[in-house]
Amino acid sequence: MSVDFFVSLLYGHLLVVAAAFADLAIGNTVRPWLVATTIAVLLPLTLLWYRLAVVATDEWAGAVRAMVNLGRHPLAAALGLTVPDRMEEERTMWHLVSDLVRTGCHPGQTALDTYRSTPEETGARGKPVPTQPMSPAARRSPAADDPAADDT
């Protein structure tokens, strides 16, 4: 949200500066000193908004990195792949997956076969293994498992 805010400020102020330049170029300005002051104040502010937008992307990048790192094992399980132990091999596997997505499946593509998991390894093929516990609202209540509760 902060990136959008600073980018909006940047473009908004650039539009005001462009309008001020157009007003000065036409020559119908009643108070040219006010228009010149507006340009002198807003131009440096656009540089500040740009810098703050760039800094705000760091937080966004960290969130995206965390999302990718947490989701790579469930995604691999959903694709029927086993994540290798070595990072270089994992990079190779994900590179092959992205190539497959980008170019499509072609006969003779067997590079991903080395990373495929057997149905016995994953339980049910294609179903990701949950990495986080279920929320309390999604869990069954202990009373639902209690046969004595059915007598009421």
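The largest nonpolar core of this predicted model comprises seven residues in all, namely A76, L81, V83, M93, V97, L112 and Y115, a core being a set of buried Ala, Val, Leu, Ile, Met, Phe, Trp, Tyr and Cys residues joined through side-chain atoms within 4.5 Å. Buried here denotes under 20% relative accessible area, with a 1.4 Å probe and protein chains only. A second, separate core of five residues includes V17, A20, I39 and L42. Not counting residues up to four places away in sequence, Y115 touches G80, L81, T82, P84, E89, T92, M93 and L96, where contact requires heavy atoms within 4.5 Å. Of the 152 residues in the chain, 18% are buried.

The chain contains five helices and zero strands, assigned as DSSP runs (H or I, at least four residues, for helices; E, at least two, for strands). The axes of helix α2 (residues 32-78) and helix α3 (residues 87-103), fitted to C-alpha atoms over the stretch in contact, come within 13 Å and cross at roughly 60°, with angles taken from 0 to 180 degrees between N-to-C directions. The two helices are therefore oblique to each other, the class that remains once angles under 35 degrees, over 145 and from 65 to 115 are set aside as roughly parallel, antiparallel and perpendicular. The contact is formed by R72, L75 and A76 of α2 together with M87, E90, M93 and W94 of α3.

Residues are numbered from 1 along each chain as its sequence is written, and side-chain values use heavy atoms, leaving out hydrogens and water. Local features need pLDDT of at least 70 and side-chain atom pairs count only at pLDDT 80 or more, whereas totals for chains, interfaces and linings use all residues.

Conventions
Buried means under 20% relative accessible area, exposed over 50%, partly exposed in between (1.4 Å probe, protein chains only).
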